[in-house]
Amino acid sequence: MEISDIRRRVLDTIDHARKSAAERRTRADEAGREYELFLERIAVPLFRQVANVLRAEGYVFNVFTPGGSVRLMSERASEDYIEISLDTTGDAPRVLGHTSRGRGRRVIASERPVAARPPAQLTEDDVLAFLLRELEPFVDK
């Protein structure tokens, strides 16, 4: 193979990688703006409503909003929580749910998308369905 062909292909690869990275950053920035609105308008109010219902039923959970996420956490054990945050590490930004439960000395953690939609298209129903699914192990006692 000619060195000129190799050089051209390497330069094409570098150019493609730069363009892809710039597009990914643009998508991540846009998703970040959409996600902030989603947190403010949908996720945080819904998490607070769920916490109020749980508290009325004798399950003591509080809502926290650490930088760029919302967390429903048990007052009894700090390792027991359900959290939503934005993941921009992949090609398409997505809202991830992270759940952590303590079982004796073990901590069981899981992570999965809240729904298969971009942040701007997530609804209250998507968030509530995720929360209810993840809440079951905490209230089955």
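Predicted model: local features only at pLDDT ≥ 70, side-chain atom pairs only at ≥ 80, totals over all residues.

Colleague: How much of the chain is buried?

Modeller: Buried residues are 35% of the 141. The accessible surface comes to about 9000 Å², and carbon and sulfur atoms account for 50% of that.

Colleague: OK, on to the inside. Which residues touch the most other members in the largest nonpolar core?

Modeller: That core has 26 residues, and the ones touching the most other members are F38, F47, V70, L72, I84 and V127. At least two core residues come from each of α1, β1, β2 (69-74), β3 (81-87) and α2.

Colleague: Which of those elements gives the most?

Modeller: Helix α1 does, with eleven residues.

Colleague: Pick one of those core residues for me. What does L72 touch, leaving out residues up to four places away in sequence?

Modeller: Quite a list: F47, V50, A51, L54, F61, N62, V63, D80, Y81, I82, L131 and L135.

Colleague: You mentioned L131. Where is that one, and is it buried or exposed?

Modeller: L131 is in helix α2. It is buried, at 0% relative accessibility. Apart from residues up to four places away in sequence, L131 touches F47, V50, L72 and I82.

Colleague: Where do Y35 and F38 lie?

Modeller: Both are in helix α1 (residues 3-56), three residues apart, which is about one turn of the helix. Y35 is buried at 2% relative accessible area, and F38 is buried too, at 4%.

Colleague: And what about F61 and F138, how are their rings arranged?

Modeller: Those ring centres are 6.0 Å apart with the planes at 80°, so the pair is edge-to-face. F61 sits in strand β1 (residues 61-64) and F138 in helix α2 (residues 124-139), so the pair ties together parts that are 77 residues apart in sequence. Both F61 and F138 are buried.

Colleague: While we're on rings, which residue lies over the face of Y81?

Modeller: R71 does, at 3.7 Å from the ring centre.

Colleague: Now the loops. Where is P93, and is it buried or exposed?

Modeller: P93 is in the loop between β3 and β4 (94-103). Relative accessibility is 14% for P93, so it counts as buried, the cut-off being under 20%.

Colleague: What is P93 in contact with, beyond its neighbours within four places?

Modeller: R27, A28, A31, L86, D87, T88 and P119. The C-alpha atoms of P93 and R133 are separated by 22 Å, with the two residues 40 apart along the chain.

Colleague: Then there's Q121. Where is that found?

Modeller: Q121 is in the loop between β5 (106-113) and α2. At 48% relative accessibility, Q121 counts as partly exposed. From its C-alpha atom to that of A56 is 31 Å.

Colleague: Last one, V139. Where is its place, and what does it touch beyond residues up to four places away?

Modeller: V139 is in helix α2, and it touches L54 and Y59. With 26% relative accessibility, V139 counts as partly exposed. The C-alpha atoms of V139 and R9 are 58 Å apart, and the two residues are 130 apart along the chain.

Colleague: Great, thanks for the tour!

Key. Residues numbered from 1 in each chain as written. Heavy atoms only, no water. Buried < 20%, exposed > 50% of the residue type's maximum accessible area, 1.4 Å probe, protein only. Phe/Tyr/Trp six-rings, centres within 6.5 Å; stacked < 30°, edge-to-face > 60°. Lys NZ or Arg CZ within 6 Å of the ring centre and 35° of its normal. Areas by Shrake-Rupley, 256 points an atom, 1.4 Å probe, with all protein chains shown as cover. Core = buried A, V, L, I, M, F, W, Y, C linked by side-chain atoms within 4.5 Å. Contact = heavy atoms within 4.5 Å.
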